[in-house]
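Please look through the structure before reading on.

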Amino acid sequence: YTPAKITAHIGDVIEWTNSDIVDHSVTEKDGKFEKIIPVKGKASITVKDPGIIDYYCKFHPNMDGKVEVIK
């Protein structure tokens with residue numbers, strides 16, 4: 001994920017775009033959500049609560065990222 005760490009505000013929409021030649025996922029480490037991002041596809045979430053969202057790709061667990069959600 002690039003960038004691997006971002007800051008967002010409550011109500012922001014976070015969008016991931018897959019420019020790779022294989023599928024990826026955005027899987028929240030606590031199991032709150034999972035989005036599959038197909039080749040050349042996109043996935044998004046709207047952040048609702050402050051805190052840290054840690055996520056990874058279930059297909060490639062070495063890929064991970066973090067969103068810090070602030071008010």
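In which sense do strand 3 and strand 4 pair, and over how many bridges? Strand 3 and strand 4 (residues 34–37) pair in the antiparallel sense, over four bridges. Strands are DSSP runs (E, at least two residues), and helices are runs of H or I with at least four residues; both are numbered from the N terminus. Two strands count as paired if DSSP finds at least two bridges between them.

The model is predicted: local features need pLDDT of at least 70, side-chain atom pairs count only at pLDDT 80 or more, and totals for chains, interfaces and linings use all residues. Residues are numbered from 1 along each chain as its sequence is written, and side-chain values use heavy atoms, with hydrogens and water left out.

Five of the five residues of strand 3 (residues 24–28) are buried, so strand 3 is largely enclosed by the rest of the structure. Here buried means under 20% relative accessible area, exposed means over 50%, and partly exposed lies in between (1.4 Å probe, protein chains only). His24, Val26 and Glu28 point one way from the strand, while Ser25 and Thr27 point the other way.

Thr27 stands opposite Glu34 in strand 4. The hairpin of strand 3 and strand 4 has five residues between the strands, and Gly31 in this hairpin takes a positive phi near 80°. Strand 3 also runs antiparallel to strand 6 (residues 51–56), joined to it by two bridges. In strand 6, Thr27 has Tyr56 as its bridge partner.

**Salt bridges**

Side chains of opposite charge can pair when their charged atoms come close. A salt bridge is a side-chain nitrogen of Lys or Arg within 4 Å of a carboxyl oxygen of Asp or Glu. By this rule the count comes to four salt bridges. The table gives some of them.

| Residues | N to O distance |
|---|---|
| Lys42 and Glu15 | 3.7 Å |
| Lys29 and Asp64 | 4.0 Å |
| Lys66 and Asp54 | 3.5 Å |

Lys66 is in strand 7 and Asp54 in strand 6, so the pair links distant parts of the chain, twelve residues apart. Asp54 also stands opposite Lys66 in the strand pairing. Lys66 is partly exposed at 31% relative accessible area, and Asp54 is partly exposed at 25%.

Lys42 forms its salt bridge with Glu15. Lys42 lies in strand 5 (residues 42–46) and Glu15 in strand 2 (residues 13–17), so this pair ties together parts that are 27 residues apart in sequence. Lys42 counts as exposed, at 54% relative accessibility.

**Asp64**

Asp64 lies in strand 7 (residues 64–70) and is partly exposed, at 38% relative accessibility. Not counting residues up to four places away in sequence, Asp64 touches Tyr1, Ala4, Lys29, Tyr55 and Tyr56; contact means heavy atoms within 4.5 Å. Lys29 meets Asp64 in a salt bridge. Lys29 lies in the loop between strand 3 and strand 4, so this pair ties together parts that are 35 residues apart in sequence. Lys29 is partly exposed, at 45% relative accessibility.
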